[in-house]
There are 2 protein chains.
Amino acid sequence: MKLCDIGNTNATFYENGKITRVKIENFSTDSNQPVYFISVNDSLKERLKNAKNFIDLEPYFELDTIYQGIGIDRIAACYGIKDGVVVDAGSAITVDIMANSIHLGGYILPGIAATLKAFEEISPRLKVVLNSQIELEAFPQKTADAVSYGIIKPIITLISAIAYDKSVYLTGGDGEFLARFFKNGICDKTLVFRSMQRLINEKGLHK
Amino acid sequence: MKLCDIGNTNATFYENGKITRVKIENFSTDSNQPVYFISVNDSLKERLKNAKNFIDLEPYFELDTIYQGIGIDRIAACYGIKDGVVVDAGSAITVDIMANSIHLGGYILPGIAATLKAFEEISPRLKVVLNSQIELEAFPQKTADAVSYGIIKPIITLISAIAYDKSVYLTGGDGEFLARFFKNGICDKTLVFRSMQRLINEKGLHK
């Protein structure tokens, strides 16, 4: 079975336990086998309405929430999480809070690459390589560290405060990198795909 | 006496208690009176080396710090602050920690406008108007709030944690807006200029 999670920059495929990624501009709408997908990319989603073999799972997902207009990627990531904080760290970083299988709300941060780019555009002096080994418990003493701290520390501080002693489930391109900063962080690159798989089984959607 | 704080986007002038601002591209290097300035803008600073009547105050400022390459705008903002957190919220947001007149370090965040732009570039869905009345103690329940919370909450949370019960001195274009979120926030749009004025008096630089 082939699954696909379509974002703003990339589409990620999952098949036989393997993850592959293609850029949106290289996405092919031809497939000779069923592809179960979700998409936050409106234009590609529109094109896929007429594409043979592409099955949109969005109508089947359900999430107990009062959040208006939550993206299907976040719904899928939260699906099946009873308690904890769900973090999808990609182009943007979405943070969603689940308690007793109810979605309590969530917020969005720019992704790490987007923030580095924002710094670069503010001033050439702020164009730095991220110091991934940055010490978050000491005040930075040079620009590269001040910028790296300014990117990573807010992400970690906010999520830790919200999670408290509950688990933090991380997925997305930067999920693995961020997971190391949490004592109760669980990195799961297949979080969304396992939700899609479970939904297909539960709803008997498999062709 | 005319003072000038030159940034990456704007140059801010201070004269007779009045603040005026010009875009860098409209900056005139002609002046028939002395202009005491500091500049983080390298190219404009270079041009001013040969400009008559422009006096660079950078060589006269001193700050007790081990921070490497701290911008002169941050040095000037911290100058004369004994204890507290100094926040300059402009194109970038610099945060510096002073204790017993010693600079303990600092970090940098992208400014509010830069972060909104970063969101917009990630996805058209994330192009929102900042909700300046955002409730920071409740989880957001719609995209505009999720983005606004994602911009404001990290700024406030980090600074509050560092400041604890000490004062937070805010300056820069967004200083007034951010000040309202701190119980011990002091907005001072003339912070840098008062430092420059004091330096000129202390060092007897006035022509």
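A:Gly71 is buried, at a relative accessible area of 11%; buried means under 20% relative accessible area, exposed over 50% and partly exposed in between, with a 1.4 Å probe and protein chains only. This is a predicted model, in which local features need pLDDT of at least 70 and side-chain atom pairs count only at pLDDT 80 or more, while totals for chains, interfaces and linings use all residues. Residues are numbered from 1 along each chain as its sequence is written, chains are lettered from A and ligands numbered from 1 in the order in which they are written, and side-chain values use heavy atoms, with hydrogens and water left out.

**Annotated positions in chain A**

- A:Gly71 sits in the loop between β5 (54-56) and α2 of chain A; helices (H or I, at least four residues) and strands (E, at least two) are DSSP runs, numbered from the N terminus.
- The UniProt record (unreviewed entry) lists A:Tyr67, A:Gly71, A:Ile72, A:Asp73, A:Arg74 and A:Thr143 under "binding site". These positions span 77 residues of sequence and are also spread in space, with up to 38.1 Å between C-alpha atoms.
- UniProt positions are given in the numbering used here, feature names are shortened, and annotations may be inferred rather than shown by experiment.
- The unreviewed UniProt entry also places the feature "active site" at A:Asp73, a residue of helix α2 (residues 72-78) of chain A.
- A:Asp73 counts as buried, at 17% relative accessibility. Apart from neighbours within four places in sequence, A:Asp73 is in contact (heavy atoms within 4.5 Å) with A:Asp5, A:Ile38, A:Val40 and A:Val192.
- A "binding site" annotation from UniProt (unreviewed entry) covers A:Asp88, which belongs to strand β6 (residues 84-89) of chain A.
- A:Asp88 is buried, with a relative accessible area of 15%. Its contacts, leaving aside neighbours within four places in sequence, are A:Ile93, A:Thr94, A:Thr171 and A:Gly172.

**Helix α3 of chain A**

- In helix α3 (residues 112-122) of chain A, the buried residues are A:Ile112, A:Ala114, A:Thr115, A:Ala118, A:Phe119 and A:Ile122.
- Viewed down the axis of α3(A), these buried residues fall within an arc of 160°, so they line one face of the helix. The arc is that of the directions from the helix axis to the C-beta atoms.

**The cavity**

- One cavity of 30 Å³ or more is found in a search of the whole structure. On a 1 Å grid over the protein atoms alone, a cavity is a set of points where a 1.4 Å probe fits but cannot get out, and lining residues have an atom within 4 Å of a point.
- The largest cavity holds about 200 Å³ of space, the volume being the space filled by probe spheres set on the points, with grid points joined across faces, edges and corners.
- Its lining has 14 residues, and A:Pro110, A:Gly150, A:Pro154, B:Pro110 and B:Gly150 lie nearest the centre.
- At least two lining residues come from each of β8 (102-110) and α4 (143-163) of chain A and β8 (102-110) and α4 (143-163) of chain B.
- The lining of the largest cavity comprises ten nonpolar, four polar and no charged residues. Ala, Val, Leu, Ile, Met, Phe, Trp, Tyr, Cys and Pro count as nonpolar, Asp, Glu, Lys and Arg as charged, and the others, Gly among them, as polar.

Key
On a 1 Å grid over the protein atoms alone, a cavity is a set of points where a 1.4 Å probe fits but cannot get out, and a pocket is an open set with protein on both sides within 12 Å along at least five of seven lines; lining residues have an atom within 4 Å of a point.
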